[in-house]
Amino acid sequence: MTTPRVFIDGEHGTTGLQIRARMSQRQDVELLSVPEAERRNPALREEMLRRADIAILCLPDDAAREAVAMLENEPSTRIIDTSTAHRVDPNWVYGFAELDRDQAARIRAARYVGNPGCYPTGAIALLRPLRDAGLLSGETPVTVNAVSGYSGGGKQLIAQMEDATRADHIVAPHFLYGLDLNHKHLPEMRVFAKLDADPIFAPSVGRFAQGMIVQVPLHSQWLAGASEQTVRDALTTHYDGSNLVEVADRSQTAALSRLDPTELAGTDRMRLHVFASKDGARFNLVALLDNLGKGASGAAVQNMDLMLAAR
Ligand SMILES: NC(=O)C1=CN([C@@H]2O[C@H](COP(=O)(O)OP(=O)(O)OC[C@H]3O[C@@H](n4cnc5c(N)ncnc54)[C@H](OP(=O)(O)O)[C@@H]3O)[C@@H](O)[C@H]2O)C=CC1
Ligand SMILES: CC(=O)N[C@@H](CCC(=O)OP(=O)(O)O)C(=O)O
């Protein structure tokens with residue numbers, strides 16, 4: 001069996017560089033590459049895309065669609081797209097391996113895998129198990145609140161947050177955005193958390209490079225009066241056996257008076273907490289992850305490894 005060839009299209013960008021860093025010591029794959037100065041050269045990109053066994057697209061949506069079109073008649077190249085372009089496309093498999101018991105097998109067998117967005121990774125991780133356990137109706141009016149490290153906005157936002165000489169420099173320590181409540185992550189949150197309607201989603205950015213907290217507040221009356229432990233048990237059962245997604249136990253969660261969004265920065269893990277009011281009437285479900293780890297590059301490498309295992 002020849003050594004599989006992998007090409008990261010967009011390798012010099014934020015997500016691409018993190019994927020390259022995770023793969024730099026790998027001997028089991030051959031990483032194809034184009035010089036940074038040639039990163040937009042379509043002929044060179046197409047040549048690499050065609051030579052690759054797996055192409056990982058780390059591009060804006062339109063460029064990702066262009067790359068997929070280049071491979072229309074090249075069935076030998078399988079694709080992981082980290083953009084939003086194909087995430088709810090029925091011909092693509094959603095790259096959240098922990099979605100349900102069968103998703104990892106679907107990814108392993110897939111030609112096309114849509115890598116999840118960072119915020120949806122947290123939101124779906126919290127909601128899908130409650131839907132599958134029959135604790136939460138799809139009709140529930142769900143809200144998702146989040147804070148992301150500024151690397152979530154890629155090179156552009158990194159420059160705006162870090163370079164004080166720029167005319168568009170951002171000085172805020174924290175800011176809300178997506179104020180029109182129409183963020184591009186709504187479709188995948190609705191589809192893969194199996195909700196009837198888009199959640200109300202309030203994203204924000206903090207003055208830290210990497211890290212993320214995603215919160216889903218729920219009233220117990222929306223959970224058929226389920227207790228805090230019943231909710232936590234539904235999550236624990238869903239992620240049983242996962243080495244990347246962990247559910248904090250009651251004592252770990254109860255011991256917290258603050259939660260730092262950078263706690264898992266630099267890792268590919270995700271930790272879930274169930275916070276509850278004393279009377280058990282209100283819950284705040286919280287996912288802690290790195291927007292570039294399990295929220296992007298780490299997930300892309302996890303999906304690549306699943307797809308390579310199928311060879
Ligand atoms: N940042 C994050 O936390 C996450 C990002 N994503 C998604 O990953 C993708 C990449 O994002 P990110 O790495 O942050 O973005 P960056 O802007 O940091 O990197 C994008 C890279 O793609 C290159 N590029 C842009 N347009 C083209 C084109 N037409 N042809 C070839 N190369 C092109 C850019 O080159 P140039 O420098 O010339 O612009 C850059 O090197 C996006 O779809 C994003 O939405 C997904 C999850 C999390
Ligand atoms: C802080 C910030 O700007 N975050 C990005 C999401 C990053 C991400 O998940 O990328 P996808 O676009 O591939 O989903 C945003 O809100 O658009």
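A few ground rules: residues are numbered from 1 along each chain as its sequence is written, chains are lettered from A and ligands numbered from 1 in the order in which they are written. Because the model is predicted, local features need pLDDT of at least 70 and side-chain atom pairs count only at pLDDT 80 or more, while totals for chains, interfaces and linings use all residues; side-chain values use heavy atoms, with hydrogens and water left out.

Domain 1 puts 19 residues into the contact and domain 2 puts in 29, where contact means heavy atoms within 4.5 Å.

Interface size is often quoted as the accessible area lost when the parts come together. Here, about 1800 Å² is buried between domain 1 and domain 2, and carbon and sulfur atoms give 52% of that. Buried area is the accessible area (1.4 Å probe) that the two parts lose on being put together, summed over both.

Three salt bridges cross this interface, a salt bridge being a side-chain nitrogen of Lys or Arg within 4 Å of a carboxyl oxygen of Asp or Glu. There are also 10 residue pairs in polar contact across it, both residues at pLDDT 80 or more. A polar contact is a pair of N or O atoms within 3.5 Å; within protein, one must be able to donate a hydrogen and the other to accept it, and residues adjacent in sequence count only if both atoms are side-chain atoms. On the domain 1 side, the elements giving two or more residues are helix 1 (14–23) and helix 10 (293–309); helices (H or I, at least four residues) and strands (E, at least two) are DSSP runs, numbered from the N terminus.

**Salt bridges**

The whole structure holds 23 salt bridges. In one of them, R45 meets D9 at 2.9 Å, N to O. That pair ties together distant parts of the chain, with R45 in helix 2 (residues 42–51) and D9 in strand 1 (residues 5–9), 36 residues apart. E188 and R87 also pair up, at 2.8 Å, N to O.

**The ligands**

| Ligand atom | Residue atom | Distance |
|---|---|---|
| ligand 1, oxygen | R39, side-chain N or O | 3.0 Å |
| ligand 1, oxygen | L59, polar backbone atom | 2.6 Å |
| ligand 1, nitrogen | G152, polar backbone atom | 3.3 Å |
| ligand 2, oxygen | C118, polar backbone atom | 3.0 Å |
| ligand 2, oxygen | Y177, polar side-chain atom | 2.5 Å |
| ligand 2, oxygen | H183, side-chain N or O | 2.7 Å |
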